[in-house]
Amino acid sequence: MKSYKLFIGGKWIKSVKGETFKSIDPSTGKPIAIFQKGNGEDIEKAVRAAEKALPAWKDTPAPKRGQILFKVAKLLKQNKDQLAKLMTQEMGKVLNEAKGDVQEAIDIFEYMGGEGRRLFGHTVPSELKDKFCMTIRQPLGVVGLISPWNFPIAIPSWKIAPALICGNTVILKPSSDTPFCAVKLIEILTEAGVPAGAVNLVTGPGSTAGTALIKHPRVRAISFTGSKETGKFVTENAGLKKVGLELGGKNPIIIMEDANLKLALEGVLWGAFGTTGQRCTAASRVIIHKSVKEKFEKMLLQSTKKLVLGSGLKKDTDIGPLVNKKAVEKVHHYTLIGKKEGAKLLCGGMPVNRPGYFYKPTIFTEVKPNMKIAQEEIFGPTIAIIPVKNLDEAINVANNVTYGLSSSIYTNDIRNAFIAIEKIEAGLTYVNSSTIGSEVHLPFGGTKDTGNGTREAGWTALEEFSEVKTIYIDYSGRLQKAQSIT
Ligand code: NAD
């Protein structure tokens with residue numbers, strides 16, 4: 001089996017301790033390659049390499065940095081099919097979705113490449129004569145990036161592309177479920193001409209490599225995507241660093257009595273079972289007007305029963321495996337909780353008896369808003385159907401969770417749509433479309449426990465990865481005092 005190394009200071013090297021781990025194909029349960037179990041000492045090396053590379057990289061004109069990012073996008077395009085196949089093998093999502101993941105990476109490198117010619121600041125009038133005021137963006141320094149496994153090329157790219165265009169140097173600590181995708185992404189960055197030390201890769205456990213990165217005193221910022229629990233640990237341990245958190249969701253689809261039910265059905269199937277329900281934006285709650293509930297349930301049940309489970313590499317597969325054994329146990333744990341809480345199981349509710357980590361698409365109905373299966377992130381193919389009597393109740397139920405990432409409403413009444421847009425507490429609201437479908441040139445992120453207010457992608461990603469410097473130029477030739485002090 002092939003073995004891969006850490007990437008530090010432009011070189012592929014072994015971890016200081018020489019320990020390794022394997023990445024597993026979740027459709028078979030078998031290992032596919034070996035990776036370095038990086039630790040605190042490896043992080044220290046990576047920080048030194050990133051510090052060494054920083055002065056030259058931040059002095060490189062931003063449009064030139066942008067040219068390198070365009071090259072990354074070009075290489076990703078050339079390798080898209082190969083990367084997608086590897087991703088499906090490593091974390092299970094069906095091939096078409098894996099291609100979408102790589103496409104997101106291409107899009108963000110192109111978008112951020114273009115930012116190299118913008119990186120706008122502001123010019124603002126002064127309250128005094130003969131004085132000029134403006135802001136510019138400056139890099140933060142060495143930045144730590146910690147990513148999950150469910151978008152193993154896209155999410156590291158959402159972080160690396162804006163971090164690099166702003167002039168930072170970075171250390172990526174990817175999830176131990178998807179180190180292979182991270183290695184391939186770094187190979188492409190290197191081939192595109194990202195200089196030695198500007199991007200470093202340390203694979204290994206969150207408890208050692210991840211924690212060392214978070215706590216490192218010379219790392220200026222952490223950009224973290226993952227679970228709420230780890231997110232809390234990051235904030236509590238990062239000291240005074242700038243921290244960006246993109247955490248979980250419990251995303252609702254509201255279906256009103258006037259909705260196009262066929263359209264809503266497609267949205268629910270895609271939102272709930274796409275990526276086997278393992279998206280932060282997955283639709284895990286269907287909040288439906290009681291007058292259409294029975295009809296919709298029948299339609300949903302019929303379509304769900306037709307879904308084909310299998311390896312994501314096979315053409316006819318609709319739903320791939322969960323990422324690992326622990327995920328199957330977690331999803332099943334919630335099935336047992338749902339039954340115990342008194343929700344009615346319509347279908348699924350058990351693992352599939354075959355090699356790999358498959359779980360049947362699971363639908364609970366008659367779910368009460370405060371049940372655990374309606375409150376906690378399950379991160380699997382489980383839907384909770386919650387009946388309501390009107391829009392007010394639907395919005396109250398939608399907001400009755402600690403998360404606030406994505407949301408959706410199906411309605412043909414413009415009033416319903418605008419009330420939902422205004423009142424749902426979430427970073428994203430879709431009208432007549434599922435909870436998933438973000439585009440890289442718009443801000444992405446959530447409210448409440450989904451994060452700490454940062455937004456990835458779009459122009460807002462630049463806020464996360466740069467400092468604003470305010471500049472005053474006085475050309476009056478005398479001392480002028482602000483606030484009318486004479
Ligand atoms: P996770 O929190 O278990 O792990 C995320 C990353 O943190 C991994 O690289 C892991 O190794 C690292 N880590 C774990 N413990 C650590 C520690 N003590 N110190 C430092 N690093 C540590 O999450 P996961 O299972 O990989 O991903 C699934 C979660 O991510 C879900 O909750 C999902 O909703 C969320 N997610 C959020 C977004 C978003 O943009 N909001 C996107 C994708 C996934």
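Glu187 counts as partly exposed, because its relative accessibility is 31%; the term covers values between buried (under 20% relative accessible area) and exposed (over 50%), with a 1.4 Å probe and protein chains only. Lys184 and Glu187 form a salt bridge in which the closest N and O atoms are 3.2 Å apart; by definition, a salt bridge needs a side-chain nitrogen of Lys or Arg within 4 Å of a carboxyl oxygen of Asp or Glu. Both residues sit in helix α6 (residues 179-192), three residues apart, or about one turn of the helix. Here helices (H or I, at least four residues) and strands (E, at least two) are DSSP runs numbered from the N terminus.

Before we go on, a word on the model: it is predicted, so local features need pLDDT of at least 70 and side-chain atom pairs count only at pLDDT 80 or more, while totals for chains, interfaces and linings use all residues. Residues are numbered from 1 along each chain as its sequence is written, and side-chain values use heavy atoms, with hydrogens and water left out.

Let us follow the charged pairs into other helices. In general, side chains of opposite charge can pair when their charged atoms come close. Helix α10 (residues 290-305) holds both Glu297 and Lys293, four residues apart, about one turn of the helix. Their salt bridge has its closest N and O atoms 3.1 Å apart, and both Glu297 and Lys293 are buried. In helix α11 (residues 325-341), Glu329 and Lys325 are separated by about one helical turn because they are four residues apart. The closest N and O atoms of this salt bridge are 3.5 Å apart. Glu329 is partly exposed at 45% relative accessibility, whereas Lys325, at 52%, counts as exposed. Elsewhere, salt bridges that share partners link Glu44, Arg48, Glu51 and Arg218 into one network. The whole structure has 16 salt bridges.

Now turn to the nonpolar side of the surface. Ile414, Phe418, Ile421 and Val431 make a nonpolar patch of about 380 Å². Such a patch is built from residues with over 30% relative accessible area and no salt bridge, nonpolar side chains (Val, Leu, Ile, Met, Phe, Trp, Tyr) being joined within 5 Å, and like charges within 9 Å in charged patches. Helix α14 (residues 414-423) gives the most to this patch, with three residues. Phe418 lies in helix α14 and counts as exposed because its relative accessibility is 51%.

Most residues other than glycine have a negative phi. Gln483 is exposed, with a relative accessible area of 60%, and Ser484 is exposed at 67%.

Finally, step back to the whole chain, which has 15 helices and 21 strands. Its C-alpha trace spans about 75 × 65 × 40 Å along the principal axes. Buried residues make up 56% of the 486 residues. The accessible surface comes to about 20800 Å², with 53% belonging to carbon and sulfur atoms; accessible areas come from the Shrake-Rupley method with a 1.4 Å probe, and for residues only the protein chains shown count as cover.
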